[in-house]
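Please open the model in your viewer and keep the selection panel at hand. The tour below moves from one selection to the next and says what is to be found at each stop.

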Amino acid sequence: MRIIAWITAVFGALVMGVAIASLLDELLDRPEKLQLDGWSQKAIARVAITIVVVVVSMAVWMWLWLRYVV
């Protein structure tokens with residue numbers, strides 16, 4: 001039963017991470033800006049911020065799922 005909980009938590013975290021990254025891209029119009037900027041410092045900073053937000057949200061999802069749902 002514990003392995004099923006971990007598998008569902010991981011898949012949920014992946015879905016959550018992709019959804020949040022997509023939401024941030026749409027809110028900040030990043031696809032167009034990233035293509036225009038290339039690898040400028042602003043583009044790298046935006047990508048780094050997105051990575052941090054996604055990793056934190058995935059960790060929170062895993063913690064909540066394993067703590068309160070399972």
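Two rings of Phe, Tyr or Trp (for Trp, its six-membered ring) are taken as a pair if their centres lie within 6.5 Å, and the pair is called stacked with planes under 30 degrees apart, edge-to-face with planes over 60 degrees apart, and tilted for the rest. By this rule the count comes to two aromatic pairs, and both are stops on this tour. This is a predicted model, in which local features need pLDDT of at least 70 and side-chain atom pairs count only at pLDDT 80 or more, while totals for chains, interfaces and linings use all residues. Residues are numbered from 1 along each chain as its sequence is written, and side-chain values use heavy atoms, with hydrogens and water left out.

**The whole chain**

Begin with a cartoon of the protein chain, which has three helices and zero strands, where helices are DSSP runs of H or I with at least four residues and strands are runs of E with at least two, numbered from the N terminus. Of its 70 residues, 23% count as buried, a word that here means under 20% relative accessible area, with exposed meaning over 50% and partly exposed in between (1.4 Å probe, protein chains only). Contacts (heavy atoms within 4.5 Å) between residues 24 or more positions apart make up 73% of those in the chain with a separation of 6 or more.

**Helix 3**

Next select residues 41–69, which form helix 3. Helix 3 has 29 residues and reaches 41 Å from its first C-alpha to its last, close to the 42 Å expected at 1.5 Å a residue, the expected span being 1.5 Å times one less than the number of residues. Its buried residues are Ala43, Arg46, Thr50, Val54, Ser57, Met62 and Leu66.

Stop at serine 57, which is buried, with a relative accessible area of 14%. A polar atom of the serine 57 side chain lies 2.8 Å from the backbone oxygen of valine 54.

Then select valine 53, also found in helix 3, which counts as partly exposed at 35% relative accessibility. Leaving out residues up to four places away in sequence, valine 53 touches Ile20 and Leu24, and its C-alpha atom is separated by 8.1 Å from that of alanine 21, 32 residues apart along the chain.

**The nonpolar core**

Which residues make up the largest nonpolar core? Select Ala5, Ala9, Ala13, Met62 and Leu66; a core here is a set of buried Ala, Val, Leu, Ile, Met, Phe, Trp, Tyr and Cys residues joined through side-chain atoms within 4.5 Å. Helix 1 (2–27) and helix 3 each give two or more residues to this core, and the largest share, three residues, comes from helix 1. Beyond its neighbours within four places in sequence, leucine 66 is in contact with Ala5, Trp6 and Ala9.

**The aromatic pairs**

Tryptophan 61 counts as partly exposed at 28% relative accessibility, and tryptophan 65 counts as partly exposed at 23%.

Finish with tryptophan 63 and tyrosine 68, whose ring centres are 5.8 Å apart with planes at 90°, so the pair is edge-to-face. Tryptophan 63 is partly exposed, with a relative accessible area of 48%, whereas tyrosine 68 counts as exposed at 56%.

Definitions and conventions: A polar contact is a pair of N or O atoms within 3.5 Å; within protein, one must be able to donate a hydrogen and the other to accept it, and residues adjacent in sequence count only if both atoms are side-chain atoms.
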